[in-house]
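Reader: I have a model here that I would like to walk through with you. Could we take it a piece at a time?

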Amino acid sequence: MTNQTALPQIDSPYLVEILTKLLNTPSPTGFASAAIDLVEQELAKYPEVRCEHTKKGALLVTLPAKNTAGTGPKRALTAHVDTLGAMVRQIKPSGRLELTNVGGFAWNSIEGENCLVHTRHNGTIRGSLLPHEASVHVYDNVRDGKRDNLSMEVRLDRRVTTAEDTRLLGIEVGDYVSFDARVEVVDGFVKSRHLDDKACVANILAAIKALHEANLRPAVDTCFLISN
């Protein structure tokens, strides 16, 4: 019978902690640099790990084997930190925002969701995504009306009534919009938006941490592509 090194224990509290941090870091596709930075900061704790950025902004992580570093075959794993999101398509005359979706979500899946508008120069501004005609007491077609970028709009948590009011906040067409993850950890269950694929990224980080603390290395050089 071949002797095999026992796999190290995963630090489950750390796994949940770093997953929660990732989930609470807005990172729609094309706007994921903050999440990439968070992963890189975590990996900076381990001197044996090498990190480099690809030309498109992904993070390429290398964990060398103990005895065969740089020679022989390599193993590669990948996971991504970017999520579904949206972008400002138009500032309406009312000061509300028409969006275009980033990713293939269904509009009715985010109806009523709180969100952040990420301005270029003025930080973030809170809002909520609702149908233009939202009240069932006023409009007859609320329940059956189509949900799309024309019928849904962001109502900002600011007193704006014109497009100019909204522009004075620093909001412009092309600004990214992220939707609240709504992370909950209950009896070992993690509920949240964007678990795809931040849960896999958190698992990779927890595995690297476990190997480091056990003073173990993979059998072959191993690369992790954290895609943005």
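Reader: Where is Pro218 found?

Author: Happy to start there. This is a predicted model, in which local features need pLDDT of at least 70 and side-chain atom pairs count only at pLDDT 80 or more, while totals for chains, interfaces and linings use all residues. Residues are numbered from 1 along each chain as its sequence is written, and side-chain values use heavy atoms, with hydrogens and water left out. Helices (H or I, at least four residues) and strands (E, at least two) are DSSP runs, numbered from the N terminus, and Pro218 is in the loop between α4 and β12 (221-227).

Reader: Is Pro218 buried or exposed?

Author: Buried means under 20% relative accessible area, exposed over 50%, and partly exposed in between (1.4 Å probe, protein chains only). Pro218 has a relative accessibility of 16%, so it counts as buried.

Reader: Which residues is Pro218 in contact with, leaving aside its neighbours within four places in sequence?

Author: Contact means heavy atoms within 4.5 Å. With those sequence neighbours set aside, the contacts of Pro218 are Leu63, Pro64, Ala65 and Lys66.

Reader: Why do the buried residues of α1 line one face of the helix?

Author: Helix α1 covers residues 12-23, and its buried residues are Tyr14, Leu15, Ile18, Leu19, Leu22 and Leu23. Take the directions from the helix axis to the C-beta atoms, which define the arc. Seen down the axis of α1, the buried residues line one face because they fall within an arc of 165°.

Reader: Which residues stand opposite Cys115?

Author: Two strands pair if DSSP finds at least two bridges between them. Strand β6 (residues 114-118) is joined by 5 bridges to β7 (residues 124-131), running antiparallel, and by 4 bridges to β9 (residues 176-179), also antiparallel. Opposite Cys115 stand Gly127 in β7 and Phe179 in β9.

Reader: Which residue in the turn between β4 and β5 has a positive phi?

Author: Strands β4 (residues 85-91) and β5 (residues 97-102) run antiparallel and are joined by 6 bridges, with Ala86 partnered by Asn101. They form a hairpin with 5 residues between them. The turn residue with a positive phi, about 90°, is Gly95.

Note on methods. The expected span of a helix is 1.5 Å times one less than its number of residues.
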